[in-house]
Amino acid sequence: MAAMADTWEFLQLRGLAAADERAQEFTGTLVIHKIGSSEPVESVTIRFKRSMLTELHETIGRLLARSTGLKKK
C-alpha cells in the first residue's frame, strides 16, 4: 500500500531576488509547515526559473480575478 503524501502549508516566500534585472533565475527562501505536525516551521532555499515565475503570475492572477473575495473597482 502506498503512503499518503504529506500536505504542506505555504507560509511565506522571503528574499526572492536575482543578480540583475535580466536574470533568468531567482533565489529565495520558501517558509513552509507540515499540516498537522507539531514540528516547527521549515525554511527551504529555492530557485525559480523566470518562465516558472511568469506562469505562476498568470495562474495566480486568473485565480484571484475569479475569487469572490476580490471585486474590480
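The model is predicted: local features need pLDDT of at least 70, side-chain atom pairs count only at pLDDT 80 or more, and totals for chains, interfaces and linings use all residues. Residues are numbered from 1 along each chain as its sequence is written, and side-chain values use heavy atoms, leaving out hydrogens and water. Along the sequence they follow the pattern β-β-β-α.

**Overall figures**

- Helices (H or I, at least four residues) and strands (E, at least two) are DSSP runs, numbered from the N terminus.
- Of the 73 residues in the protein, 12% are buried. Buried means under 20% relative accessible area, exposed means over 50%, and partly exposed lies in between (1.4 Å probe, protein chains only).
- The accessible surface is about 6500 Å², and carbon and sulfur atoms hold 56% of that surface. Areas come from the Shrake-Rupley method with a 1.4 Å probe; for residues, only the protein chains shown count as cover.
- Among contacts with a separation of 6 or more, 33% join residues 24 or more positions apart. A contact means heavy atoms within 4.5 Å.

**The sheet and its helix**

- Three strands form an open sheet in the order 1-2-3, with antiparallel pairing. Its edge strands, strand 1 (8–17) and strand 3 (42–49), each pair on one side only. Two strands pair if DSSP finds at least two bridges between them.
- Neighbouring strands of the sheet are turned by 30 degrees against each other on average, direction ignored. Axes are lines fitted to C-alpha atoms, for helices over the stretch in contact; angles run from 0 to 180 degrees between N-to-C directions.
- Seven bridges link strand 1 and strand 2 in the antiparallel sense. Here phenylalanine 10 stands opposite isoleucine 32 in strand 2.
- Eight bridges link strand 2 (residues 25–34) and strand 3, also antiparallel. Phenylalanine 26 faces phenylalanine 48 in strand 3. Glycine 28 has isoleucine 46 of strand 3 as its bridge partner.
- Helix 1 (residues 50–66) packs on the sheet and touches strand 1, strand 2 and strand 3. The direction of helix 1 makes about 100 degrees with that of strand 3.

**Glycine 15**

- Glycine 15 belongs to strand 1. This glycine counts as exposed because its relative accessibility is 61%.
- Leaving out residues up to four places away in sequence, glycine 15 touches Thr27 and Gly28.
- Threonine 29 is 14 residues from glycine 15 in sequence, with 6.4 Å between their C-alpha atoms.

**Glutamate 25**

- Glutamate 25 sits in strand 2. With a relative accessible area of 32%, glutamate 25 is partly exposed.
- Leaving out residues up to four places away in sequence, glutamate 25 touches Ala18, Arg47, Phe48 and Lys49.
- Serine 51 is 26 residues from glutamate 25 in sequence, and their C-alpha atoms are 8.9 Å apart.

**The largest pocket**

- The largest pocket has a volume of about 150 Å³. On a 1 Å grid over the protein atoms alone, a pocket is an open set of points with protein on both sides within 12 Å along at least five of seven lines, where a 1.4 Å probe fits. Grid points are joined across faces, edges and corners, and the volume is the space filled by probe spheres set on them.
- Its lining is Phe10, Leu13, Leu16, Phe48, Leu53 and Leu56; a lining residue has an atom within 4 Å of a point.
- Strand 1 and helix 1 are the elements that give two or more residues to this lining. Strand 1 gives the largest share, three residues.
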